[in-house]
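User: Could you take a close look at the salt bridges in this model and walk me through them?

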Amino acid sequence: MTDGHHEHQEAAVDARQSDPRPPRGFWFGVIVAIVKPFMIVFTKCRFTGRENMPRTGGVVYVPNHISHFDPVVLGYFIWECRRIPRFLGKASVFKIPVLGSIISGAGQIPVYRDSAQAADAFRDAVAAVERGECVGVYPEGTITRDPDLWPMTGKTGAARIALMTGCPVIPVANWGAHEVFPSYTGKLRIRLLPRKTLQVRAGKPVDLSAFQGRPITNQLLHEATEVIMSQVAETLGELRGETPPKELYDLRKARKAEGSTGEEKA
């Protein structure tokens with residue numbers, strides 16, 4: 001395991017010995033010019049498993065979600081994997097003046113959640129994968145509510161994209177971002193000093209061969225998503241040196257239980 005300085009040196013050597021990344025565009029170039037120096041100065045990054053991230057071709061990577069700072073960390077990790085990270089975002093965000101133009105110009109991908117057809121909600125993501133892009137999907141849909149910050153059960157978007165395109169799915173675990181930007185504290189507080197160690201690990205591609213070539217039904221998508229989330233949790237366990245829970249936290253069940261408890265008290 002290397003410290004942040006050596007990790008950045010290693011990344012630089014990799015860059016000189018490998019093919020250049022695809023064209024990044026103006027706005028993404030601006031983001032890189034801001035984020036990379038920031039990460040080098042204020043954090044210590046430990047990135048492992050980069051050999052598991054395909055260097056070319058369409059791919060979906062699925063990270064766990066522990067902080068609002070995650071996209072910065074994950075974006076930097078994917079960049080150091082010699083790929084251009086593309087994240088999914090609500091279509092409404094792309095309509096916000098200025099911000100919408102920037103994220104659109106940076107190649108990020110809208111999700112149409114109000115679409116009548118589930119497949120249509122991810123049409124731009126599917127198109128991006130088919131163009132050979134590296135697309136990130138947070139399958140939990142929100143920052144984990146698990147008390148120990150393990151991944152929760154996932155939504156089916158990543159599985160749908162993968163089964164529609166046949167692309168590989170790479171589980172990605174990140175740890176440490178919650179120390180920079182804690183969530184659910186009720187306070188907007190970023191803690192940069194002392195420098196935090198941010199760890200990211202890409203696992204081996206998820207084996208979805210049992211689901212390929214079959215009609216894409218809700219049942220199939222849920223089963224495939226369970227396999228994906230299990231591997232995300234396993235990869236995070238490797239990163240943390242701990243054993244993940246056998247049953248992942250289910251936010252819907254937890255909210256129903258809270259509602260039932262509230263009704264009983266009333």
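Analyst: Let's start with arginine 86 and glutamate 133, whose side chains meet in a salt bridge at 3.1 Å, N to O (a side-chain nitrogen of Lys or Arg within 4 Å of a carboxyl oxygen of Asp or Glu). Arginine 86 sits in strand β3 (residues 85–90) and glutamate 133 in the loop between α6 (123–130) and β5 (134–136), so the pair ties together parts 47 residues apart in sequence. Helices (H or I, at least four residues) and strands (E, at least two) are DSSP runs, numbered from the N terminus.

A caveat on the source: this is a predicted model, where local features need pLDDT of at least 70 and side-chain atom pairs count only at pLDDT 80 or more, while totals for chains, interfaces and linings use all residues. Residues are numbered from 1 along each chain as its sequence is written, and side-chain values use heavy atoms, with hydrogens and water left out.

Back to that pair: arginine 86 is buried at 8% relative accessible area, and glutamate 133 is buried at 18%. Buried means under 20% relative accessible area, exposed over 50%, partly exposed in between (1.4 Å probe, protein chains only).

By the salt-bridge rule, the count comes to four. Another one joins glutamate 238 to arginine 201, with the closest N and O atoms 3.1 Å apart. This pair links distant parts of the chain, helix α9 and strand β7, 37 residues apart. Here glutamate 238 is partly exposed at 44%, and arginine 201 is partly exposed at 29%.

Then there's glutamate 242 with arginine 240, at 3.2 Å, N to O. Glutamate 242 is partly exposed at 41%, whereas arginine 240 is buried at 16%.
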